[in-house]
Amino acid sequence: MRKIAVIGGRETVMGFRALGLDTFDAADAKEAGSCLKSLTKDEEYAIIYIEEKLAAGISSEISKFKDSPATAIITIPGREGSDGSSMEALRAAVERAVGRNILGD
Amino acid sequence: MASKTVTPTRMVLNQYKGRLKTARRGHKLLKDKRDGLMRQFMEIVTVNKELRVKVEKGLTEAFASLQVASAIMSPEMLESALIYPKQSVELSVDYKNVMSVNVPRYEYKTTNDDPTEIYPYGFAQTSAELDEALEKMSGVFEDMLKLAETEKTVQLLAEEIEKTRRRVNALEYVMIPEYEQVIRYITMKLEESENSTKVRLMKVKEMVLQDAHHYEM
C-alpha cells in the first residue's frame, strides 16, 4: 500500500490532514525541497501534492520525477488561489509532445 | 560520409540492403506508434485540463470555507480539531499499458467506510463552517486523485511521444539516407570494376588473336 502526501503552507495542509492524508508543512521552497527529498527516498508515497508557490522554487527538483511512473508530483493551488503555473506546466507538456500549443487560450 | 569506410563488395551491399529494409520497416512502425500515442495524448490532455480547472475551483471554495471557519474559531481550537484524523487513506497503485507506456492507475481506500464520518472532532466546540469546509474538501479529493492520474499520464505520454518522434526523425533523415547513399556508392563501384574487367578481357582477347593469326591491325 502506498500513501499520499501533501506539502504546503501550514493553513493549506490543515484541511487535508482531516481527510486522512499525510501532511507536511513547509514555510518556504527550501523546506519544501528537503521535505520532498525525504518523501521520495523510498517510494512510500505514490502521489505528492505540493502547493504551487512552493513548487515554483523547486521546479528542477520536481521535474526529476516527471518521467518516473512510480511517483506523481502534482501541484495544487494554495489558499490564495491558483497562480496559473499548473496550467502553464500542462501547456508545456503539450508543447513538448505535439510541438505546439493545441489547448487554445 | 560513411561510404569512405565501407568496402565495395557484393556481401556488404547485401548487408546494407537488409539494413535499409529493417530501417524502413522500423520507421513505419514507429510512425504508427507516434500517431497512436498522439491520439491517446489528445484525449487525455483535454480531460486533464477539465479536471485541473475543476480541482482548482473546488479547492479555492474549500479554502474559502476554511478561512471563514478559522475566522470564527480560535486558531488553537481549529488546530486541535483537525490534528487527529479519523480516517486514513490508503492508495493502491496499478499500472496500465498505454501504447507500451506504463501509466499508473490509482485506487484509494479509506479506513473509514462511512462518508459522513470524515469529521475528526466533536460537533460541540466547532463551528458549522468547518464541517462545510471539510465536506467540500472531501468532495474535491476524488477529483484530485483523478487529476494526479491523468496528469502523470500526460507527463509520461509527452515524454514517450518526444522520444518516439526523435527516433522517427533520426531514421527518416539520417539512417535511411545514409544507407541509401552507401548502397548507391557500392553499386557504382561494382559497375565500374565490372566495366574494367570487361575491357581488360576484350584487350586480352585481341592480343591473343593477334598472336595466333599474326595479322596486323
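## Arg2 of chain A

The side chain of A:R2 has a polar atom 2.9 Å from the backbone oxygen of A:A70. A polar contact here is a pair of N or O atoms within 3.5 Å; within protein, one must be able to donate a hydrogen and the other to accept it, and residues adjacent in sequence count only if both atoms are side-chain atoms. A:R2 sits in the segment before β1 (3-8) of chain A. Helices (H or I, at least four residues) and strands (E, at least two) are DSSP runs, numbered from the N terminus. With a relative accessible area of 16%, A:R2 is buried; buried means under 20% relative accessible area, exposed over 50%, and partly exposed in between (1.4 Å probe, protein chains only).

Not counting residues up to four places away in sequence, A:R2 touches A:E43, A:E44, A:Y45, A:A46 and A:A70, and from chain B it touches B:E90, B:L91, B:V93 and B:Y95. Contact means heavy atoms within 4.5 Å.

## Basis of the model

This is a predicted model, in which local features need pLDDT of at least 70 and side-chain atom pairs count only at pLDDT 80 or more, while totals for chains, interfaces and linings use all residues. Residues are numbered from 1 along each chain as its sequence is written, chains are lettered from A and ligands numbered from 1 in the order in which they are written, and side-chain values use heavy atoms, with hydrogens and water left out.

## The interface of chains A and B

In the interface, 47 residues of chain A are in contact with 50 residues of chain B. The two chains bury about 4,400 Å² between them, and 66% of that is on carbon and sulfur atoms. Buried area is the accessible area (1.4 Å probe) that two parts lose on being put together, summed over both. On the chain B side, B:K49, B:F63 and B:L91 lose the most area to chain A, together 14% of what that side buries.

The elements α1, α2, β1 (89-98), β2 (101-110) and α3 of chain B each supply at least two residues of the side that touches chain A. Of that side, α3(B) gives the most, with 18 residues.

Helix α5 of chain A (residues 85-98) has 14 residues, which at 1.5 Å a residue should span 20 Å; the end C-alpha atoms are 20 Å apart, in agreement. The expected span is 1.5 Å times one less than the number of residues. Its buried residues are A:S86, A:M87, A:L90, A:R91, A:A93, A:V94, A:A97 and A:V98. These cover an arc of only 155° around the axis, so they are on the same side of α5(A); the arc is that of the directions from the helix axis to the C-beta atoms. An α-helix has 3.6 residues a turn, so residues three or four places apart point the same way. The cover over the buried residues of α5(A) includes α3 (52-55) and β4 (72-76) of chain A, together with α1 (10-72) and α3 (128-213) of chain B. Just after α5(A), A:G99 takes a positive phi of about 100°.

In helix α2 of chain B (residues 75-82), B:L78, B:A81 and B:L82 are buried. Seen down the axis, these residues fall within an arc of 85°, so they line one face of α2(B). They pack against α1 (10-19) of chain A and against α1 and α3 of chain B.

## Salt bridges within the chains

Over all chains, a search of the whole structure finds 19 salt bridges. One of them joins A:K37 and A:E61, whose closest N and O atoms are 3.5 Å apart. This pair links distant parts of the chain, 24 residues apart: A:K37 is in helix α2 (residues 29-40) of chain A and A:E61 is in helix α4 (residues 59-63) of chain A. A:K37 is exposed, at 53% relative accessible area, whereas A:E61 is buried, at 18%. A:K53 and A:E51 also meet in a salt bridge (3.0 Å, N to O), and A:E51 is buried, with a relative accessible area of 2%.

In chain B, the side chains of B:E180 and B:R24 meet in a salt bridge at 2.4 Å, N to O. B:E180 in helix α3 and B:R24 in helix α1 are 156 residues apart. B:E180 is partly exposed at 30% relative accessibility, and B:R24 is partly exposed at 43%. Salt bridges that share partners join A:K3, A:D22 and A:E44 into one network.

Methods. Salt bridge = Lys/Arg side-chain N within 4 Å of Asp/Glu carboxyl O.
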